[in-house]
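Hi,

Here is the structure I promised to pass on to you. Have a look at it first, and then read my notes below.

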Amino acid sequence: MGGAGGFNFGMKWACELGYGYVWVMDDDCMPHPTALEELLLARDASSEDYGFLCSKVLWRDGTVSIMNTPRQTVYKNVDMTQTGIIPVSMASFVSLFVPTSIIWRFGLPIKEFFVWTDDWEFTRRISRELPCYLVTPSVVTHKSASNIGANVFTDDYTRLDRFKYLYRNDVVLYRREGVSGFLYEFVRLSYHAFKVLTKSRDNKIKRLSAIVLGTRDGLFFHPAIEFPSRESANDN
């Protein structure tokens with residue numbers, strides 16, 4: 001099912017069983033003792049409808065987890081030196097707190113993404129209509145192997161086929177932003193290709209192919225948004 005399929009399944013199951021909230025994370029995410037309490041305090045203090053809340057994510061050495069830094073806008077990361085409750089537009093699935101009413105309204109993560117971008121697409125779908133927040137007092141540690149994001153320039157050649165999912169899924173995410181999204185993707189893809197040509201030490205053709213073929217696939221990739229089943233919920 002991939003990570004996207006797993007999150008889709010879990011959120012759907014929670015909605016259909018009648019739960020009010022879901023709190024999702026990777027299996028190597030370790031919540032600090034008050035992580036959930038701080039999310040609930042932020043929920044209770046909110047005077048408006050919100051889409052989701054997310055935690056501050058640290059890496060195993062206590063520094064900020066680069067791959068899990070939320071986006072302030074679609075194109076700009078949050079300044080993680082800030083504290084408090086901070087508006088965000090996109091966040092990772094490493095400690096995301098969502099009312100199930102939001103999932104019923106906006107739909108589930110796209111399981112066809114398989115891996116990568118499923119969290120950003122899902123959270124951006126919500127933040128286009130509702131305010132969403134990073135709750136910095138809520139802290140988790142992501143015990144991933146390294147503190148870098150997906151990197152087609154230097155990743156091991158055995159993982160390069162996975163990058164086609166990344167570039168395909170990113171096209172789906174950014175084309176929804178209109179002209180600015182297409183321009184951002186063009187500049188980003190050009191930069192990634194340049195980095196492969198100038199910095200990668202091996203398999204440059206395979207790395208470039210992942211970028212080009214993934215982007216091509218994304219232009220024709222139009223996955224439907226799935227929703228939980230009211231019928232299944234009524235049965236439960």
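This is a predicted model: local features need pLDDT of at least 70, side-chain atom pairs count only at pLDDT 80 or more; totals for chains, interfaces and linings use all residues.

The crossing of H6 past H7 is left-handed. On the H6 side, the contact is made by Leu189, His192, Ala193, Val196 and Leu197, and on the H7 side by Lys204, Arg207, Leu208, Ile211 and Thr215.

Now go to helix H5 (residues 163–175) and helix H6 (residues 179–199). Their axes cross at roughly 150 degrees and come within 8 Å, so H5 and H6 are roughly antiparallel too. Here the crossing is right-handed. If you want to click through the contact, Tyr167, Asp170, Val171, Tyr174 and Arg175 in H5 meet a set of H6 residues, including Phe182, Tyr184, Leu189 and His192.

How do H5 and H7 pack? Their axes are 7 Å apart, at an angle of about 45 degrees, so these two helices are oblique to each other. H5 passes H7 in a right-handed crossing. Among the residues making this contact are Phe163, Tyr167 and Val171 of H5, along with Ile211, Gly214 and Leu219 of H7.

Next, the charges. Side chains of opposite charge can pair when their charged atoms come close. The count comes to 13 salt bridges in this model. One of them to find is between the side chains of Lys111 and Glu226, at 3.6 Å from N to O. Lys111 sits in the loop between helix H3 (100–106) and helix H4 (118–127), while Glu226 is in the loop between H7 and helix H8 (230–235), so this pair ties together parts that are 115 residues apart in sequence.

Last, which residues make the nonpolar surface patch of about 630 Å²? They are Met1, Phe9, Trp13, Leu17 and Tyr19. To find your way there, look for Phe9 in helix H1 (residues 2–16).

Cheers

Conventions:
Residues are numbered from 1 along each chain as its sequence is written. Side-chain values use heavy atoms; hydrogens and water are left out. Patches are made of residues with over 30% relative accessible area and no salt bridge: like charges are joined within 9 Å, nonpolar side chains (Val, Leu, Ile, Met, Phe, Trp, Tyr) within 5 Å. Accessible areas come from the Shrake-Rupley method with a 1.4 Å probe; for residues, only the protein chains shown count as cover. A salt bridge is a side-chain nitrogen of Lys or Arg within 4 Å of a carboxyl oxygen of Asp or Glu. Helices (H or I, at least four residues) and strands (E, at least two) are DSSP runs, numbered from the N terminus. Axes are lines fitted to C-alpha atoms, for helices over the stretch in contact, and angles run from 0 to 180 degrees between N-to-C directions. Angles under 35 degrees count as roughly parallel, over 145 as roughly antiparallel, 65 to 115 as roughly perpendicular and the rest as oblique. A crossing is left-handed if the near helix is turned anticlockwise from the far one by less than a right angle, and right-handed if clockwise. Contact means heavy atoms within 4.5 Å.
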